[in-house]
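Good morning, and thank you for joining. I shall take a few minutes to present one model to the group.

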Amino acid sequence: MDSSTASTSEESAGKIVASRSSVIQSSRVCGLSVFRINKEDLQRKLSIPKYLRHAIRDSIRSKDVNAAVDRCQEGSGGGREAAPDGPMVVFVNSKSGGRHGPELKERLQQLMGEEQVFDLSDVNPREFVDYGLVCLEKLADLGDYCAKDTRDKLRIMVAGGDGTVGWVLGSLTELHTQDRKPVPPVAVIPLGTGNDLSRSFGWGGAFPFAWKSAVKKSLLKAITGPVCHLDSWHLLVSMPSGKVVDPPHSLKPTEECSLDQGLTIEGELPEKVNCYEGVFYNYFSIGMDARVAYGFHHLRNEKPNLAQGPLSNKLIYSGYSCTQGWFVTPCTSDPSLRGLKNILRMHVKKVNCTEWEQIPVPKSVRAIVALNLHNYGSGRNPWGSPKRQYLEKKGFVEAHVDDGLLEIFGLKHGWHASFVMVELISAKHIAQAAAIRLEVRSGEWKDTYMQMDGEPWKQPMSKEYSTFVEIKRVPFQCLMVNGLLE
C-alpha cells in the first residue's frame, strides 16, 4: 500500500478539475438551471452561411475540392456575408448514447445548419480535414473573407465516447504536421461508458437526463469556453516477426520502427520485426486490467444484447472481472496471473532528464498503468492528490494534463484495485516519466495483455526475443474547450 495520502485540494483558476460525480457535473455543465438560451440567437451564433455549408458538403461527397470551390465562387457573391460569432461543426456517433444518438443528431441539426452535423457512420473526421477544411482554406486564399473568418474561428463538438473524441483529435493532428493553423479546439457531449476525457475537461461523465434542453447550453459553452492544452502520447510496439497480433482500431502497422538509440538493448535482436504504432490521450496499461478489458470486449462483441448502456456495461464488467482470477492472484499457480516483474523490464526518462533510468517493477504488481489524465475507470483518480512533502520526497511534481509527464502506477490484485477505485487508498506509485521503454519477454507466459484508452489487445510473446513498447510525447498538444462553469 502506498504511503501517500489522498487529500483534496483546490485547483488554481484555469486548471482542469476532475469531477467526482458524473451526473451532478453533467447537469451543471449542460445547464440545468433557470438560465434560458434563445434558440434563434444561438442559431445565429453557430450557423455557417449556407453557401459555405454546401461547399464543405460537396467537397466531402465528391472528394473534389476544386470543383466545389468553383461552384461556390459562382454563387457566393465574393464572400460578402458575415461569418457567425461561433462557427461550429459537430461529429455525432449515433451508435453511442443508447437510443438517444439519432435523436441527438436531429436536435443538433435543428440548432444549426444541417450540413454542419456529421454522422460518423457517413463522414469520418479525416475526410472533413482533407476536404471540408481544405475547401474553406482555398476559398480564403481566393479572397473570401467570410470563409477565412469561419476557418479561423471554427470549433468542433464531438458527441460520443472517449474513443470517438480520440478519433477526431487524431485526425486533427494532420493540421499540425501540415502547418495548417489554427487547429480547431474540441468540445464534448459525453455518450460513452467511461467518458474520462470528457470528465477531465469539465463536460461531465454521463449523458444528462434532460438532454434536449441541455444541448443548447453545451453548444453555447463550446463556442465561449476557454481553450486548454492536452498532451498526447505516441506508442510504438516492436515484436519479433512471425508473431500474430490482432491490434485494436487505434494501433496501425508501420514500417518505421526505430527505437530510441539512447538506450542499449541487451541480448540479440531478431532479423525481422513487426511494428505497430498509435496515439493515446488518457492511458496505456499492461497486465491484469488489460486482460479483463480484453475478455469483456470480446464478450460484448459475441453477445451485443448485453451492451444496453453505460450502467449495464459497468455491472457486467465488474462481474466478468471476478471470473478472471483478478481477485485470487495472490494464491494462484497460473503463470499468467503472477507479477509482471517476471516478464517486464522498465526504463523511463524522468522530468527534465535526457538519460534513461531503469525502474524496478514491484514484485506484487500485476497491472501497470501510465496515466495522462486525472480520470481513469469512469472518473476515478488512482494517482490521488499526494501532499507536497510526499511529492518532494519521491521526486515527483504535481500532475497536470499538459505537463509532458505520465504518472505510472501499479495495481496488485482485484481487491487492491477495488479500494483504489473507490478512492480509499491511492495506487502503488512507481514513477513519473517523460518517456517510457518497456521490454517484455516470455517465461512461462505465452501472451500478455495491453490496452490504450480502453482498446485492449492480446500481445504474443517470444522466449527467444523481446517485445518492446516505447512511449513518447507527441511534440504538439491538442486543444480542448474547457466546459467547466466559471
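Predicted model: local features only at pLDDT ≥ 70, side-chain atom pairs only at ≥ 80, totals over all residues.

Residues are numbered from 1 along each chain as its sequence is written, and side-chain values use heavy atoms, with hydrogens and water left out.

The average pLDDT (the predictor's confidence in each residue, from 0 to 100) is 81 for the protein, and 78% of the residues score at least 70. Over residues 1-34, pLDDT stays under 50.

Let me turn to the helices. Helices (H or I, at least four residues) and strands (E, at least two) are DSSP runs, numbered from the N terminus. Helix 3 (residues 50-62) and helix 6 (residues 125-141) have axes that come within 8 Å and cross at roughly 135°. Axes here are lines fitted to C-alpha atoms, for helices over the stretch in contact (heavy atoms within 4.5 Å), with angles from 0 to 180 degrees between N-to-C directions. Among the residues that meet are Leu52 and Ile56 in helix 3, and Phe128 and Leu136 in helix 6.

Seven strands form an open sheet in the order 7-8-6-18-15-10-11, with antiparallel pairing; two strands pair if DSSP finds at least two bridges between them. Strand 7 (252-254) and strand 11 (357-359) stand at the edges with a single partner strand each, so one side of each lacks a neighbour in the sheet. The twist averages 25° from one strand to the next. Strand 10 (residues 344-349) pairs with strand 11 in the antiparallel sense over three bridges, and histidine 347 stands opposite glutamine 358 in strand 11.
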